[in-house]
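The tour goes from the strands to the aromatic side chains, and each stop names what to select next.

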Amino acid sequence: MPLVTRVTDLIGRTPLFELAATQTGTRLLLKLEQFNPTGAAKIRMARHMILDAEHRGLLRSGGHIIESTSGNTGLGLAVVAAERGYRFTAVVDHHASKDKLRAMRAMGADLVFVADEGNDDLATSAREDLAEAMAAERENAYFTEQHNNTANAMGYYAMAEELLEDVDRVDILLSAVGTGGSLFGAATRLRELGCVPYVVGVEPVGSIAFGGSGGPYWQSGTGTPPGATIGAAVDYSLLDEGVKVSDTAAFATARAVATEVGLMLGGSAGGSVHAALTRLAQFPPGSTVVTIVCDGGEKYLDTVFDNSWMRDRGLLDADAEQEVVQLLRRYRPAPRHGFVEAR
Ligand SMILES: Cc1ncc(COP(=O)(O)O)c(C=O)c1O
């Protein structure tokens with residue numbers, strides 16, 4: 001890899017990891033997006049939204065970027081703003097992981113909270129209203145509006161190209177849907193490249209993008225809570241199936257993958273992997289199933305991987321974790337013990 005001078009030059013070329021394989025040759029591959037700077041997929045689209053705004057003359061030198069974020073988009077925008085000399089204000093709530101908020105601040109972002117400390121409700125709609133109002137009343141400010149920005153999905157085109165460099169084809173693309181940018185952006189580009197996967201979207205139980213009246217949920221960064229509008233980046237024309245996964249199942253999966261495999265998944269990736277593992281045997285034999293891991297578990301040590309936090313919210317479920325452990329053991333080769341001589 002050549003020497004680089006910008007952090008954003010480190011975006012992409014993330015590894016593809018085989019988590020599971022059935023006896024009929026179907027395999028579950030994880031696109032490990034936590035290997036991007038900021039530890040998340042969203043920096044891909046953050047860069048793309050800013051380059052697009054510059055190109056269209058919507059963001060000028062010394063301008064002010066404003067976005068409503070659950071954390072990962074804000075982290076990506078904080079990097080791009082630092083690199084390109086913009087001011088960045090993230091409109092946030094206390095539902096976001098504390099580490100994400102601290103890291104945004106560390107990179108010079110201003111944080112504006114829509115609720116007081118101690119209120120950790122997900123407040124997507126209040127955040128978006130405030131971000132829009134702030135941008136409207138400030139000089140040279142630009143609201144990136146990720147839910148309705150076409151550059152969001154386009155930011156993932158390179159990810160689809162990377163997939164087809166690593167595998168011949170993607171038969172099933174199964175991933176979390178928040179704004180929809182990552183799943184539908186990747187699906188769009190795969191189609192352009194002649195690969196038409198069966199597309200499965202995953203959202204938390206409580207999210208409303210695939211129907212239902214909704215309710216609260218703890219999976220961070222994903223889904224559409226009741227009251228929030230579903231943005232244009234959710235492209236239903238590309239969706240073959242929408243699946244809901246409970247917080248308990250999603251978090252049990254992240255925890256089981258950590259103990260069985262030594263791989264730390266974030267809560268939303270736990271949800272996607274749960275949906276994939278429990279359906280793996282139903283997919284046609286020989287299928288290549290790809291799941292996008294939006295971020296890693298290291299961001300959730302105080303929540304998903306903290307027994308007290310889990311217990312206090314009624315989310316700790318040893319049986320659910322055991323079920324995932326059993327699935328992983330069924331679909332993964334037995335561990336090899338013994339000393340392997342170093343070369
Ligand atoms: C942890 C996590 N999971 C899932 C998603 C959903 O991705 P998208 O907005 O591309 O649908 C996000 C987006 O912010 C995220 O941060």
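Begin with the cartoon and select the open sheet of six strands, which runs in the order E1-E2-E10-E7-E8-E9 with mixed pairing; strands here are DSSP runs of E with at least two residues, helices are runs of H or I with at least four, both numbered from the N terminus, and two strands pair if DSSP finds at least two bridges between them. At the edges you will find strand E1 (16–21) and E9, each of which pairs on one side only. From one strand to the next the twist averages 25°, with axes taken as lines fitted to C-alpha atoms and angles running from 0 to 180 degrees between N-to-C directions.

This is a predicted model, in which local features need pLDDT of at least 70 and side-chain atom pairs count only at pLDDT 80 or more, while totals for chains, interfaces and linings use all residues. Residues are numbered from 1 along each chain as its sequence is written, and side-chain values use heavy atoms, with hydrogens and water left out.

Next, select strand E2 (residues 27–32) together with strand E10 (residues 288–293), which pair in the parallel sense over six bridges. Within this pairing, Lys31 stands opposite Ile292 in E10.

Now show the side chains of Trp218, Phe251 and Trp309, which form one aromatic cluster; rings of Phe, Tyr and Trp (its six-membered ring) pair if their centres lie within 6.5 Å, and planes under 30 degrees apart count as stacked, over 60 as edge-to-face and the rest as tilted. By this rule there are two aromatic pairs. Trp218 and Trp309 have ring centres 5.2 Å apart and planes at 80°, so this pair is edge-to-face. Because Trp218 lies in the loop between strand E8 (198–204) and strand E9 (241–245) and Trp309 in helix H10 (residues 307–312), the pair ties together parts that are 91 residues apart in sequence.

Stay on Trp309, which is buried at a relative accessible area of 14% (buried means under 20%, exposed over 50%, partly exposed in between, with a 1.4 Å probe and protein chains only). The rings of Phe251 and Trp309 have their centres 6.4 Å apart and their planes at 55°, so that pair is tilted. Phe251 is buried, at 1% relative accessibility, whereas Trp218 is partly exposed at 26%.
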